[in-house]
Every structure is written in C-alpha cells, then in structure tokens.
Amino acid sequence: MYIGRALPRVEDDRLLTGRGRFADDETCAGQAHCVFVRSPHAHARITGIHAPARRDVFVLTGADYAADGLLPVDHVPNPLDIHDITRRAFDNPRQWAHWPLARGEARHVGEPVAAVIAETLEQARDAADALEVDYEPLPLEETLCFDHAFGDAAATQSALARAAQVVRHEFVSQRVANCQMEPRSALGQWDGQGYTLITGSQGVLLLRGLLSRVLGSERVRVVTRDVGGAFGPRTYLQPEQVIVCWAAKRLGRPVRWTASRSEAFLADFQGRDAAIEAALGVDAEGRIVGYDVSVRGNIGAHTVSFVPLNNFRNILTTVYRVPHVSLRVQGVATNTVPAVPYRGAGRPEAHHVIERLLDLAARKLGMDRAEIRRRNLVPKGALPYRTPMRLVLEAADFGGYMERALELADYRGLAGRKAKARGLRGLGIANYVESPVGAARERVELHLTKHGVDIIAGTQSTGQGHETAFAQVAADHLELPMERIRLRTGDTAFVSAGGGSHSDRSLRFAGTLLVSASRKLLDTARDAAATRFEVGAEDLVYERGTFRVAGTDRAVALLDLAPLAASEDINRRIPATPGGCAVCELEVDPDTGAVEVLRYITVDDVGRAVNPLIVHGQTHGGIAQGIGQALMEGVALDAANQVLTGSFMDYGLARAENLPAFETELAEVPTQGNPLGVKGGGEGGVVPATAAVINALCDALGVDDIAMPATPQRVWKVLQTSAR
C-alpha cells in the first residue's frame with residue numbers, strides 16, 4: 001500500500017538537481033525581449049506617448065491593441081455559489097473588463113502603459129527608459145462594486161442587546177505581496193496559424209479560455225511546466241501574458257518577458273486587504289449569543305476576483321455555534337493593484353476576527369481562553385451541522401483537535417513558563433475549519449502503455465507534490481509499482497478539461513476521479529484478458545498487476561494488455577471541511593519590541609492523508625506565510641498610493657531565522673464525501689495563523705489588540721504607551 005505512507009517526493013530529484021523547467025528556462029530561436037513601461041501614478045489621464053525613433057525597437061500601446069480588434073479580459077470575478085453552481089455568489093455586482101495596456105487612463109501605480117520590444121533585453125530596457133508618457137494626474141477614486149447583507153440583522157441586534165458582554169473591534173487584514181520564488185514570466189509564440197503561451201500558472205485551461213476570447217482565436221495553446229509557487233494570484237490571466245502573444249503575431253517572432261522583483265512589487269496581483277468591524281455578544285457563561293460583522297474588501301483597480309469576500313461570508317462563524325448572525329459585505333475598487341485570492345482567500349480574515357474577539361470576551365469575563373472556546377465549539381454530536389451561512393460541517397472533532405493541541409503545547413504549564421521568562425511571554429489559541437470549494441470541473445485520463453500508466457489531469461502542481469501523491473493513489477488502485485505511474489499536466493495540447501490547482505481542490509477532485517478511472521481501466525483490461533484467454537471475465541483474478549485465470553497458471557500482466565485507456569469527468573462540488581487548532585507561544589523583548597516565536601503547534605485534520613510528509617510540508621509553508629503577515633509583511637502605500645515597499649529591502653518576508661521548528665500533528669477524520677476520505681491540506685497552516693500569533697502577542701503585552709504587521713517598532717510603541 002502506498003496511500004498513507006510518508007514517501008519522499010519523486011519530483012524533488014529533478015527540482016533539487018537543477019533539472020526543473022520553469023517559464024524563464026524556455027527559449028525560442030529568434031525570440032525578442034519585451035519590457036513594459038508602467039504608470040508612475042495611481043490615477044492619471046494618459047495624454048500622449050512618445051516613442052524614440054529607432055528601427056531596432058517596436059512599441060505597442062493600448063490604442064494599438066484596440067485597433068487590432070482585440071478585447072479586454074473579462075476575469076469573471078463573481079464566483080459560483082458554494083451550494084448551487086448554476087448561480088453566482090453576489091447579485092448584480094458592478095464589474096468591468098481589464099485592458100492589458102491602459103487606455104486613456106492609468107488606474108494604479110505599475111499598470112502597463114506601453115510594451116517595448118527589442119532584440120535584446122538591454123536594448124528594450126534602454127528604449128523603455130527613453131519612452132516619454134504625458135500624464136495628467138487625477139484624484140484617487142473609489143467605486144462600490146457591491147454591498148450585500150446576509151443573516152438576520154434584527155435578531156442579531158436584539159441578541160447583542162441582551163448579551164452579558166459585547167466586545168467590539170475593528171480589524172485590518174493588510175494587503176500582502178505574493179512573494180513566490182519564481183518571478184512571473186511569459187513567452188508568446190505565433191506560428192502563422194495559432195498562438196502558444198508558455199508561462200507559470202495554476203491552470204492552463206482557464207488561461208487558454210480567456211486568451212482565446214481576447215485574441216479572437218480558437219487556436220491557442222497554453223503550457224505550464226514547473227512552477228515555483230503560486231498561492232492564488234497565478235490562477236488569473238495577467239496583462240503581460242496577453243501582450244507577449246499579441247506582440248509575437250505582430251512581429252512574426254517569439255516574444256518573451258520576465259518580471260524583475262521591483263516589477264513584481266508594483267504589478268503582481270496581491271492579496272488580503274480588508275477592513276472588518278465586528279461585535280460579538282456572549283452570555284454570563286461565555287456562550288455566544290450574537291455576532292455582527294461588516295467587511296469592506298479592497299478589490300483593487302480592476303475587478304479580477306470577488307472570491308475572498310465570498311469565502312469570508314461562507315466561513316464567517318468558523319467552528320463555533322452562533323445562533324444569530326448579521327453580515328454586511330462590501331467590495332470596493334480603488335486605485336491599487338488588483339487584489340485576488342491569496343492562500344486561504346478570505347478564510348484567515350474571518351478566523352482572525354472571531355478568534356480575537358473570543359480572547360477579548362474571555363478577558364472581560366475573567367474566563368480562561370480555552371474554556372470560552374470549549375463552551376462554543378460545535379460538538380461531534382451536533383454533526384452534520386449547518387452554520388448560519390449554510391456551510392455544512394461534517395466528520396470533525398473540533399474539541400478533540402483543541403485539547404490535543406493544548407496538550408502538546410503544555411497549556412497548563414504556561415503560568416510557570418511566564419514566571420521564568422526573561423521577556424514577556426504569551427500564548428495564543430486559534431481553532432479553524434475550512435470551506436474548500438474551487439472549480440467544479442475536473443477530468444482525469446489513464447493511458448495504459450507497455451511501460452506503465454500515464455495520468456493526464458486538469459489540475460496541476462505549483463509545488464504541492466502531485467507527481468507523488470497522484471501516483472500513490474493510482475498505484476494502489478491499479479496494484480502497480482509507483483515508478484510505473486507518470487503524471488502529465490499543464491499543456492492544453494493534451495489536457496482537455498480541468499480546474500487547475502487552488503482552494504485545496506487537487507487531491508479531492510483528482511483523487512476521486514483516479515479511483516473511478518482506475519476501476520474503469522481494470523474493467524476494460526479484464527475484458528481484454530478474458531478475450532485473450534477465451535474465458536469469462538468472472539473467471540479472472542487480478543492481483544499485483546497481473547490477471548490470472550482462476551485455478552490455473554495462465555496469466556497476463558496488465559501492461560501487456562496495452563494500449564488501453566479510461567477517463568472520468570466531474571462537474572459538481574465535492575464538499576469537505578478540514579479543520580484543526582493552532583497554538584503559538586512567543587516572547588517579547590521589552591527593550592526593543594522584538595518578537596520571537598518560540599513554539600508553534602498545530603493539530604490538523606486533512607481527512608485521510610495520502611502522503612503525511614507532503615501534508616506537513618504544506619502546513620509548514622502556510623504557517624510561515626501566516627506568521628509573516630502577523631509580524632512582518634504588509635504592502636505600504638503613501639497618501640497618493642505610491643508604493644513604499646518596492647523591494648525585499650522594504651518588504652518584510654519571514655525567513656527561517658524568524659521561525660521556530662514547527663510541531664505539526666495530523667488528526668485524520670475521513671470525510672464521507674469522496675472515496676479517499678481526503679479533505680485537503682494546502683491551506684490549513686495559514687488559516688488560523690495570524691489569529692494564533694496576535695492572540696499570543698496580546699497575551700504577552702496585556703493589551704486588547706495590536707495591528708498587523710506587529711513589527712518591533714509597533715510593539716515597542718505599545719510597550720511605551722502601556723508603561724505610561
């Protein structure tokens with residue numbers, strides 16, 4: 001059996017020895033290089049573009065793009081409803097298409113205004129520097145895209161009026177940059193009949209569909225090989241990917257572009273950015289009676305995605321029983337880079353709010369922070385439990401996760417550790433549950449050859465270990481050695497359907513289809529073997545890759561029946577609710593405000609773990625991103641929306657020296673929603689992380705709250721205020 005074994009990833013041999021193939025590794029004969037001229041203004045009218053008169057330089061503008069009859073990108077920002085995929089999440093939002101090169105107005109700092117193409121990268125950069133753009137600065141704008149209410153406002157206000165204690169606070173989940181290892185890169189080609197785009201992405205099929213529409217061609221191929229991190233923003237078609245394809249046709253030669261890190265901080269789609277006002281009412285025993293929330297999410301300059309706000313709504317009450325809920329959700333467009341799903345996509349924000357308010361309520365009541373949670377957790381006996389936002393929680397043990405995490409953290413010994421600490425010691429608790437959704441469409445094909453089985457899947461890896469985990473599933477269900485299984489993804493030349501990688505969906509969807517496609521393949525092979533031996537299919541026994549006629553030595557290997565194929569499709573939700581608990585313990589230096597995370601413990605229920613080693617690795621990555629947002633990360637803008645964090649000299653990214661050795665444990669409670677019992681393990685690390693860290697920091701400082709990122713300077717200022 002391979003499922004359940006902590007096997008090293010098979011792709012690591014290739015990746016760690018420099019044999020990976022990333023977008024910037026791809027080259028084509030005769031390729032030209034593209035550099036983008038970007039707006040220095042957050043909002044400005046473009047009154048003129050003056051290109052230098054050079055024969056070796058080609059300049060393209062938004063006017064050229066429109067003159068060629070090409071279309072802006074419709075990102076389809078409004079996601080499908082979590083329960084009914086025939087409906088959209090929000091009714092009649094205001095949304096608009098996205099021109100790849102600004103037309104008439106630039107709407108955020110870093111927006112592409114012109115593309116400059118030359119023989120070499122150096123020539124393109126020189127020409128871009130020489131290009132002059134006339135701007136007329138305009139006031140910053142805000143546009144309300146939607147404003148919706150959910151829940152029962154009257155009942156919630158009545159419950160809050162009767163509550164023994166009501167805690168109110170405003171929280172800001174600051175904007176963060178997507179700091180993946182691999183900068184964005186795109187190589188566009190035109191062969192006289194169709195386009196090819198080679199780029200890093202989270203799903204080639206979505207990009208192909210959008211490119212086909214904007215370029216007006218059905219002959220579009222999108223290729224993604226290895227990807228050095230994605231985390232959500234690479235799901236979407238971005239301007240540079242469109243322009244290199246268009247330019248390749250215009251010039252009759254391949255055109256490539258790779259972002260610099262400075263460009264990435266100006267122009268890459270970003271994450272988070274929400275302001276949340278919330279009130280939580282509890283009775284005298286600490287039980288929640290009402291919860292009133294208002295969230296205002298910054299969409300950015302273009303309506304690329306409303307997913308984070310929809311996820312926030314769906315997961316609002318998280319793991320707790322909340323009888324009365326009122327929620328207002330506003331999506332606002334501003335003169336900033338578009339904000340899109342970033343690891344967790346609205347779920348960390350929702351958990352941060354309720355977990356912080358529970359700590360505040362416990363403090364007001366003089367109650368232990370673990371105890372107030374015990375009294376409000378959805379118990380096992382209440383499952384399946386439908387939350388006020390209609391999310392169904394099933395197959396979980398929220399109380400068990402928390403008790404195990406507290407045991408691992410030695411919660412009872414905290415007072416003693418505080419007394420002996422050199423600095424200010426604090427501990428934070430955060431429970432969580434997820435609502436992984438993602439694209440409803442997926443397809444898996446199995447192709448039997450003389451050498452093994454090829455899996456073709458519509459979902460694709462951006463570093464999650466699909467080549468290993470998918471092979472483990474297929475190997476077990478086909479009773480073949482893992483080395484006989486090969487995964488092929490990321491190329492629309494042979495991938496015909498699928499939703500890509502996001503929202504903890506890959507193993508839920510691909511695993512479900514692998515099980516049924518494996519069964520189909522074996523049924524087809526059984527019939528072929530029966531025909532070969534001139535016996536009934538029921539007379540054959542299959543074991544360890546071989547069909548044998550029962551009671552005889554007549555046998556044939558599965559691979560010797562090649563070629564054969566089987567496939568399976570799906571276009572529906574596969575619900576699952578991973579959950580768990582995180583405990584963070586940290587210490588503050590009272591002289592400098594520096595924060596040291598001493599321990600970080602998680603108990604995560606991912607359902608059945610196909611490969612625990614991969615799950616732990618995913619959890620570690622999510623925790624690092626959560627701690628980073630809590631203590632270091634944040635896109636800083638001035639009053640004119642000029643970017644102040646334009647490099648890693650300015651943007652605080654969590655590094656190994658800032659992090660402890662994480663202590664992660666799995667609690668596998670299989671779901672009944674799919675044949676493998678898997679729930680998902682890609683986002684559990686990040687969802688409770690900011691809440692656990694800030695709860696610990698507030699415990700150490702003895703304050704109600706501290707804004708993120710809680711940098712040493714910000715912590716030091718709090719210490720000075722409290723000292724007075």
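**Exercise 1. Find which elements line the largest cavity, and which gives the most.**

Solution. Start with the elements: strand S13 (274-282), S14 and H8 each put at least two residues into the lining of the largest cavity. Helices (H or I, at least four residues) and strands (E, at least two) are DSSP runs numbered from the N terminus. Next, the top contributor is S14, with four residues. Now the size: the volume of the largest cavity is about 160 Å³. Of its 19 lining residues, Arg272, Asp273, Pro308, Leu309 and Glu349 are the closest to the centre. A cavity here is a set of points on a 1 Å grid over the protein atoms alone where a 1.4 Å probe fits but cannot get out, and lining residues have an atom within 4 Å of a point. Points are joined across faces, edges and corners, and the volume is the space filled by probe spheres set on them.

Before you go on: this is a predicted model, where local features need pLDDT of at least 70 and side-chain atom pairs count only at pLDDT 80 or more, while totals for chains, interfaces and linings use all residues. Residues are numbered from 1 along each chain as its sequence is written, and side-chain values use heavy atoms, with hydrogens and water left out.

**Exercise 2. Classify the ring pair Phe146 and Phe306.**

Solution. A search of the whole structure turns up 11 aromatic pairs. Rings of Phe, Tyr and Trp (its six-membered ring) pair if their centres lie within 6.5 Å; planes under 30 degrees apart are stacked, over 60 edge-to-face, the rest tilted. Phe146 sits in strand S7 (residues 142-151) and Phe306 in the loop between strand S14 (288-300) and helix H8 (307-314), so the pair ties together parts 160 residues apart in sequence.

**Exercise 3. Is Glu26 buried or exposed, and what does its side chain pair with?**

Solution. First, locate Glu26: the loop between helix H1 (12-16) and strand S1 (32-38). Its relative accessible area is 9%, so Glu26 is buried (under 20% is buried, over 50% exposed, partly exposed in between; 1.4 Å probe, protein chains only).

How values were computed. 1 Å grid on protein atoms, 1.4 Å probe; cavity = no way out; pocket = protein on both sides within 12 Å on 5 of 7 lines; lining within 4 Å.
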